[in-house]
Amino acid sequence: FILLGFSDHSSLQGLCFTVFLLIYLVVLTGNSLIALITVLDSSLHSPMYFFLRNLSFLEICYTSVTLPKMLVGFLMEDGRISFLGCAAQLYFLVLLGSIECLLLAAMAYDRYIAICDPLHYTLIMSRGVCIRLLVGSWVVVVPVQVGQTYQVFTLPFCASRDLHHFFCDVPPLLELACADTFWNQVMLYTIILVFAILPFSFIVISYMKIIRAILKIPSVLGRHKAFSTCSSHLGVVTLSTVIYLKRRSRDSVDPDRYLALFYTIVTPMFNPVIYSLRNKEVRIALKSLLWTK
C-alpha cells in the first residue's frame, strides 16, 4: 500500500518531519516521566495512579505505532508500507485504542468509588481488582481485534493501492476492497459501540453521580478538594472521547484523516500536561524527582 498522507503538501515535508519529531519526543518524554514518578514515589502507589501509569504506557505504544513510520515517510519521501506491515499497524492501532477506552472507564469507576463510597474505597479498589480490570481489558480486546484485522486483510483489494491516510485504518482500507464489505462495516460499528460508546456512556453516568455527590458536600473547600481529585481524568476523557467518537464523514476524506491524526498524535502529547498541571500530587512528585540530588 502507499500512504499518501501529506503527499499533497510535498514542499512541507521537511517542516512536517521536524514538527512531528518534536511531538513524538514530547509524547515519549512526558508519558515516560508520568510512568516513572508513579513507580518511584510511594505516595502515588494508589489505584488512580496505577491506571494513570498504564495509560501513559498505552499512549507511548499507541503513538509509536504510527509516528515512526510517518517520520520515515517524510524523511525518505516514500509512503510505501508492506501488506504485513499495514496489517500489524492496523491491529496494534485498534487494539491499543480500544484498551485505552476501557482503561478510561476503569479510571472513572475508581473516581466514582473514591467520591461516592470513600469508606469502602480501599476494600473495593484493591490491587487485585485493579490488576483484574487491566488484564480483563486486554483479554477481551485482543481476540476481537485479531478477528477484525483478519476480516479486513482477507478481502480482495482492487488495482489501486493508494490509501488517502497517514496510517493504515479500517475505513480507508475498506474503500479499496473489491468485495462486499457489509459484514466488515457491521464488525466495525459493533466494535465502536462496545469499546467506545459504551465506555463513554459509563463515564458520563459515573461523573453525573460524582457531581451529584460533590454538590451535597456542605463546605466549598470540601467540594473543591473532591472535584480536584477527578478533574484531570475528566479533562483527558473529554479530550479523548469527543474526538474518538467522531466517525468518518462520507462527504470529505480530508477532515476525517486530520481528525484521526489529531487523536493519535496530539492527544497523547497533552495527556501528561493535563495530569501534571491539574494534579497537585503529580506536580510535587515531579519536582521531587527532578530536583532531588
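**Talking through the model**

Tutor: Let me begin with a helix: α5 has 27 residues, which at 1.5 Å a residue should span 39 Å, and this agrees with its end C-alpha atoms, which are 39 Å apart. The expected span is 1.5 Å times one less than the number of residues, and helices here are DSSP runs (H or I, at least four residues; strands are E, at least two) numbered from the N terminus. This is a predicted model, in which local features need pLDDT of at least 70, side-chain atom pairs count only at pLDDT 80 or more, and totals for chains, interfaces and linings use all residues. Residues are numbered from 1 along each chain as its sequence is written, and side-chain values use heavy atoms, with hydrogens and water left out.

Student: What is the mean pLDDT of the chain?

Tutor: The mean is 82, and 84% of the residues reach 70 or more, where pLDDT is the predictor's confidence in each residue, from 0 to 100.

Student: And where is confidence lowest and highest?

Tutor: It is lowest in helix α8 (residues 220-244), at a mean of 65, and highest in helix α5 (residues 127-153), at 94. Over residues 247-253 the pLDDT is below 50, although beyond near neighbours in sequence this stretch has 13 contacts in the model, a contact being heavy atoms within 4.5 Å. Where pLDDT is low, the predicted coordinates should not be read in detail.

Student: Back to α5, which helices do its buried residues pack against?

Tutor: They pack against α2 (47-76), α3 (83-116), α6 (170-175) and α7 (182-215). Among the buried residues of α5 are C130, L134, S137 and V141, where buried means under 20% relative accessible area, exposed over 50% and partly exposed in between (1.4 Å probe, protein chains only).

Student: Why is α3 called largely enclosed?

Tutor: Because 26 of its 34 residues are buried, α3 is largely enclosed by the rest of the structure.

Student: New topic, how many aromatic pairs are there?

Tutor: Rings of Phe, Tyr and Trp (its six-membered ring) pair if their centres lie within 6.5 Å, and planes under 30 degrees apart count as stacked, over 60 as edge-to-face and the rest as tilted. By this rule the count comes to 10 aromatic pairs. One of them is F1 with F83, which is stacked because the ring centres are 6.2 Å apart and the planes at 20°. That pair links distant parts of the chain, with F1 in the segment before β1 (2-3) and F83 in helix α3, 82 residues apart.

Student: Is F1 buried or exposed?

Tutor: F1 is buried, with a relative accessible area of 11%, while F83 is partly exposed at 40%.
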